[in-house]
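The sequence and structure are shown first.

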Amino acid sequence: HYVILLVCLLFILFINLSGAILDITLVANVLSPSYNHFYLSCVTGERNISLQIDRDNAMIKTTSKFQIYRNSSKEVHMRGFSRVGLVGITYCLGKSQSEQTRVVYVHNDINANLVPEKVTHTISLSQSAILVARIKNGKKTDIWWKRNGTYYDTMHQGELKDNKSILVLSSVTMGDGGIYSATFIEDSPLSSAFFRLIVRGETVHT
């Protein structure tokens, strides 16, 4: 039996014009016996919306040609992954005339040079987020941190502690949400650690 990962509606990036979130679920059979059998599915119960599944090449550009099957207007699948082609960001996108919802799936290579201690972080406004990339295979170079594919910070070799690179975001805002990555300089993006940061819209008072 496959273990099904339900990526719920809180996942990260959505644009909402009227105050409602579209009902979209991303399903992944994460314990598939092989990459050939692995698939991602986007499912919706909404009527009259456009539904698609695609890769986010801002983080990792891939030349892999995935197979996309559309069972109906409410369900679309992506198959044909390889071990390398699976690493990175895939998303479901649903659009109506007034709303748009994006649901994200992040896949890390467990054999990468950097791996996340925790992939998904859900933080309230004004709280601190701590992203930890564990060094699995060390290199004598600094580490670049990026947010949504754009340079964010550099972690120098002398700043590494206990074989970890730690990025601290103090007093997060809604604009801090997104996909973060940690990569050794001049290393392949496939050996990066990928994280997603979800920022809740309510401030927690302490």
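**Overall figures**

The model is predicted. Its secondary structure consists of 17 strands and 1 helix. Of the 206 residues in the protein, 44% are buried. The accessible surface comes to about 11100 Å², and carbon and sulfur atoms hold 50% of that area. Among contacts with a separation of 6 or more, 64% are between residues 24 or more positions apart.

Strand β15 covers residues 164-169. The loop between β14 (150-155) and β15 contains Asp-162, and Asn-163 is placed in that loop too. Neither backbone is that of a glycine, yet Asp-162 has a positive phi of about 55° and Asn-163 a positive phi of about 60°. Asp-162 counts as exposed because its relative accessibility is 70%, where exposed means over 50%.

Lys-164 lies in β15 and is partly exposed, with a relative accessible area of 26%. Leaving aside neighbours within four places in sequence, Lys-164 is in contact with Glu-117, Val-132, Ala-133, Arg-134 and Ile-135. Val-132 is 32 residues away from Lys-164 along the chain, and their C-alpha atoms are separated by 6.6 Å.

Ser-165 is also in β15. Its relative accessibility is 0%, so Ser-165 counts as buried. The side chain of Ser-165 makes a polar contact of 3.0 Å with the side chain of Trp-145. With neighbours up to four places away set aside, the contacts of Ser-165 are Leu-131, Val-132, Ala-133, Ile-143, Trp-145, Met-155 and Leu-160.

Ile-166, again in β15, counts as partly exposed at 36% relative accessibility. Together with Ile-130 and Val-168, Ile-166 forms a nonpolar patch on the surface, and the three have about 250 Å² of accessible area together.

**Met-155 and Ile-143**

Two of the residues that Ser-165 contacts are Ile-143 and Met-155. Met-155 lies in strand β14 and is buried, with a relative accessible area of 8%. Not counting residues up to four places away in sequence, Met-155 touches Asp-142, Ile-143, Trp-145, Leu-160, Ser-165 and Ile-166. The C-alpha atoms of Met-155 and Phe-184 are separated by 9.4 Å, with the two residues 29 apart along the chain.

In soluble globular proteins, nonpolar side chains tend to be buried together. Here the largest nonpolar core has 21 residues, and the residues with the most contacts inside it are Leu-114, Ile-143, Trp-145 and Leu-169. Two or more residues of this core come from each of β11 (120-125), β12 (129-135), β13 (143-147), β15, β16 (178-184) and β17 (193-203). Another core lies apart from it, with 18 residues, among them Leu-40, Ile-53, Phe-66 and Met-78.

**Salt bridges**

How many salt bridges are there in the model? The count comes to 2, and the table gives both pairs.

| Asp-56 | Arg-102 | 3.1 Å |

Asp-56 counts as buried at 18% relative accessibility, and Arg-102 counts as buried at 17%.

Glu-117 counts as partly exposed at 45% relative accessibility, and Lys-164 counts as partly exposed at 26%.

How values were computed:
Residues are numbered from 1 along each chain as its sequence is written. This is a predicted model: local features need pLDDT of at least 70, side-chain atom pairs count only at pLDDT 80 or more; totals for chains, interfaces and linings use all residues. Side-chain values use heavy atoms; hydrogens and water are left out. Helices (H or I, at least four residues) and strands (E, at least two) are DSSP runs, numbered from the N terminus. Buried means under 20% relative accessible area, exposed over 50%, partly exposed in between (1.4 Å probe, protein chains only). A polar contact is a pair of N or O atoms within 3.5 Å; within protein, one must be able to donate a hydrogen and the other to accept it, and residues adjacent in sequence count only if both atoms are side-chain atoms. Contact means heavy atoms within 4.5 Å. A nonpolar core is a set of buried Ala, Val, Leu, Ile, Met, Phe, Trp, Tyr and Cys residues joined through side-chain atoms within 4.5 Å. Patches are made of residues with over 30% relative accessible area and no salt bridge: like charges are joined within 9 Å, nonpolar side chains (Val, Leu, Ile, Met, Phe, Trp, Tyr) within 5 Å. Accessible areas come from the Shrake-Rupley method with a 1.4 Å probe; for residues, only the protein chains shown count as cover. A salt bridge is a side-chain nitrogen of Lys or Arg within 4 Å of a carboxyl oxygen of Asp or Glu.
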